[in-house]
Amino acid sequence: MDTESTYSGYSHYSGRSRGSHRHGERSRDRHHSRSKDSRSEKSVTINTLPAEPLLGDSSVRGEQIQDDNWGETTTAITGTSEHSLSQEDVVRITKDLEDSVGLDCRRYFTRTLAVILGLLVFLTPLAFLVLPHILWPEKLQSCGTACEGLYISVAFKLLILLLAVWALFFRPARASLPRVFVFRALLAVLVLLFVVSYWLFYGVRILDSQDENYQGIVQYAVSLVDALLFIHYLAIVLLELRQLQSCFSVCVTRSTDGETRHYNLGQLSIQRAALAIIEHYYSDFPVHNPALLSASKSRAAKHLAGLKVYNVDGEFPAASAEGPGNNAGAGLAHSQSRAMIAAAARRRDTSHNELYYEEAEQERRVRKRRARLVVAVEEAFTHIKRLQEEEQKKAPGDVMDPREAAQAIFPSMARALQKYLRTTKQQHCHSMESIQQHLAFCITNNMTPKAFLESYLTPGPTLQYSRDHWLARQWTLISEASVTSGLKDGTVFLLKCVDFSLVVTSKKIPYIQMSEEYIDPKSHKFVLRLQSETSV
């Protein structure tokens, strides 16, 4: 009932006050972004395909908020609320829609050009063979056995080329890069020039003269297919094999909590390296938890809030804007600021004790909540038993499926689990529905209580959690160098999203020189050294 009263008590004025607070924060963010844009860095954007918000987006967090008391009550919460959108929110939503439309148009335009070029490549050899039969069939020489054998060669080579192109180029797009992929564009231009050159030669030497040697025309088409196969081999070398050998070691650091990972990358451009790092981030980095970062900020604010400065001499008399009273007021403010700095420095000498005891108390609480949670889950798992096939035939009517079994034993562990998640500040990462689904999954696969608790006791990778909590719609790549240039020793760039940024630094893997030293196996001879005090 307390939660219901809290929800129903939401008023238009409180929503408007929070909206004004967010407006002030957004204005400061815009001012900060304008000051950053004045530098000489280049900022481009990497858009991921699914349009989902990242955890921490204030515009979405309020809409996806859940009941934090699911461990104590499962009563449905009803109520009415009044939401309003400011003009700035409408502009932001409109801009997001325009960006998404532009992204889709660019992706479909690129795919359309690729399809047109592919059709041109595959239809050209067939056109070379068909056009003489249409334009001058009475002048053509008969096609012998060798010529008919070339038909089979062209057919199978085109089939192999079709499968190879489908496997290499027509794969699901992983992301939308800010700049064009240089090697892929180079290969497309090369194929286009190659096909146009063959068409020009075909038009001048065969169409104009109406060549009667049909076997030579077939061999000309076979040479085109062979050249296209060699271009496809070149594409495999440039797009796939070139980047396999590790050349650089990149250090990826998350700006908020300092979480760091190291990866080895090959010869890649900056934007391709950024895409590889984002893919590694989702599978290697623990989920970003802003609640863990608020402790230090609140501690510093508490220390500064405890400082008060008093003026024992009384206030200065009012004076003109340039009078002596104004100068005296400025001096008073300066002295007050110096007094606060000195007091903060004196309190900083003893703040480490507070931090030590605060962390010790937090660790004690976590261990206590963890022990209660482990006991509660183990007791809950003892209430269910998997029935064998012969027992299922003669089982009573109260047999449950995994979903029903999970809902039956969940209330006995819900309170302990909720308190543990609140203590470790993970309550926003796990909803009641996701916990019940995980519990049903563990029951279905006959997993132990320890296996069930591993997802909550040990923070896992980002992909382990729900997509609504981690999947960013947009990453911004900030680099002083061109994003199409290759990685170099000392290259630094940033991958920025809503709540944090990834700072990437690349180091070239050094050249390793290895020498050989031969040891004769017969040289391993030993002598037993006996001393007088040695016991035998």
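Select Asn446, which sits in the loop between helices H13 and H14. Its phi is near 55°, a positive value in a residue other than glycine. Asn446 is exposed, at 57% relative accessible area; exposed means over 50%, buried under 20% and partly exposed in between, with a 1.4 Å probe and protein chains only. The model is predicted, so local features need pLDDT of at least 70 and side-chain atom pairs count only at pLDDT 80 or more, while totals for chains, interfaces and linings use all residues. Residues are numbered from 1 along each chain as its sequence is written, and side-chain values use heavy atoms, without hydrogens and water.

Select H13, residues 432–444, and H14, residues 449–457: their axes come within 9 Å and cross at roughly 150°. That angle makes H13 roughly antiparallel to H14; over 145 degrees counts as roughly antiparallel, under 35 as roughly parallel, 65 to 115 as roughly perpendicular and the rest as oblique. Axes here are lines fitted to C-alpha atoms, for helices over the stretch in contact, with angles from 0 to 180 degrees between N-to-C directions. Helices are DSSP runs of H or I with at least four residues, strands are runs of E with at least two, and both are numbered from the N terminus.

To see the contact, select Ile435, His438, Leu439 and Cys442 on H13, then Ala451, Phe452, Ser455 and Tyr456 on H14. Contact means heavy atoms within 4.5 Å. These residues divide into six nonpolar, two polar and no charged. Nonpolar covers Ala, Val, Leu, Ile, Met, Phe, Trp, Tyr, Cys and Pro; charged covers Asp, Glu, Lys and Arg; the others, Gly among them, are polar.

Now go to another helix pair. H6 (residues 182–207) and H7 (residues 214–241) pack at about 170°, with their axes 11 Å apart. H6 is therefore roughly antiparallel to H7. Their contact has 19 nonpolar, one polar and one charged residues. Residues to pick on the H6 side include Phe183, Arg184, Phe194 and Tyr202, and those on the H7 side include Ile217, Ser223, Leu228 and Leu239.

In the loop between H6 and H7, select Gln210. Phi of Gln210 is near 50°, again positive in a residue other than glycine. Gln210 counts as partly exposed, at 28% relative accessibility.

Move on to the strands. Strand S5 spans residues 474–479, and five of its six residues are buried, so S5 is largely enclosed by the rest of the structure. Strands pair if DSSP finds at least two bridges between them. Highlight Ser479, which stands opposite Phe493 in S6.

Then select Ser506 in strand S7, residues 501–508. Ser506 counts as buried, at 0% relative accessibility. Leaving aside neighbours within four places in sequence, Ser506 is in contact with Ser249, Val250, Lys488, Asp489, Gly490 and Thr491.

Leu421 is buried, with a relative accessible area of 0%. Draw a C-alpha to C-alpha distance from Leu421 to Arg370: it is 9.5 Å, for residues 51 apart in sequence.

Finally, zoom out to the chain, which has 15 helices and seven strands. Buried residues make up 29% of its 536 residues. Among contacts between residues at least 6 apart in sequence, 79% join residues at least 24 apart.
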